[in-house]
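Open the model in your viewer and keep the selection tool at hand.

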Amino acid sequence: MSSGVQVVFDHFPDLSATQRKQFEALSGLYTEWNEKINVISRKDIDQLYTRHILHSLAIARFISFPPGSRLLDIGTGGGFPGIPLAILFPESSFFLADSIGKKIKVVQEVAQAIGLTNVHAEHIRAEQIKEKFDFIVSRAVARTKQLYNWTHRMIHSTDHPTLANGYLLLKGGELDEEMKELGRSHSVVAISDYFEDPFFETKKIVYIPV
Ligand SMILES: C[S@@+](CC[C@H](N)C(=O)[O-])C[C@H]1O[C@@H](n2cnc3c(N)ncnc32)[C@H](O)[C@@H]1O
């Protein structure tokens, strides 16, 4: 099982030289920042490329954001899934929000260090955001119904050429009860269909059109 950047290169072979350098730099930057401000569980940091970066990029297997798309990553923590997606989609813009200021500091430092100009990171609660977005992405933040209640007013109705605007959530484990509680149509995709690593066996993408 590879835990270095090569796992990203293997699954995304068409990256530009700039994107490859940006992904490569994340290991050193997150290792350094994580020692000062904990944004990734310490036992996971040596699995950064599989458990955090490739996991974030699973969304890109499901949808390719067209140039000019606007995305919100709510509860981004240290920048997941927002930072890897912003590297992959340099022509889309990403608003990375978290209610903990020191985590946003890490996101800002990482984005600046790798020259990401399509990322705006802000210390703000979901409920206070006023902007509109095409898609909201999120991992490990809140139950889906709660996330929906906080944020659905921010998704505007311009449709993606193939997928209606909405949510792309990275979820794990049993989802039936949570989705019943949400009470909206949605689809669930197994990330194990995209990536072989056993880490992804229980991981899903939930797409909720709005
Ligand atoms: C378990 S962490 C996940 C961080 C990141 N998404 C990841 O997967 O690595 C959950 C994050 O959601 C943030 N959060 C929780 N409720 C929030 C809210 N209402 N508005 C903004 N951020 C929130 C927390 O501060 C925390 O950083």
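Two residues are in contact if their C-beta atoms, placed from the backbone, lie within 7 Å. Among contacts in the protein chain between residues at least 6 apart in sequence, 68% join residues at least 24 apart. This is a predicted model: local features need pLDDT of at least 70, side-chain atom pairs count only at pLDDT 80 or more, and totals for chains, interfaces and linings use all residues. Numbering starts from 1 along each chain as its sequence is written.

Select the whole protein chain and colour it by secondary structure. The C-alpha trace spans about 40 × 35 × 30 Å along its principal axes.

Next, select the strands. They form an open sheet in the order β3-β2-β1-β4-β5-β7-β6, with mixed pairing (two strands pair if DSSP finds at least two bridges between them). At the edges are β3 (119-123) and β6 (187-190), each pairing on one side only.

Zoom in on β6 and β7 (residues 203-209), which pair in the antiparallel sense over four bridges. Here Val188 stands opposite Val206 in β7.

Finally, select the ligand. Around it are 17 residues, the closest being Gly75, Gly77, Ser99, Ala126 and Arg139 (a residue counts as near if its C-beta atom, placed from the backbone, lies within 6 Å).

Definitions and conventions
Helices (H or I, at least four residues) and strands (E, at least two) are DSSP runs, numbered from the N terminus.
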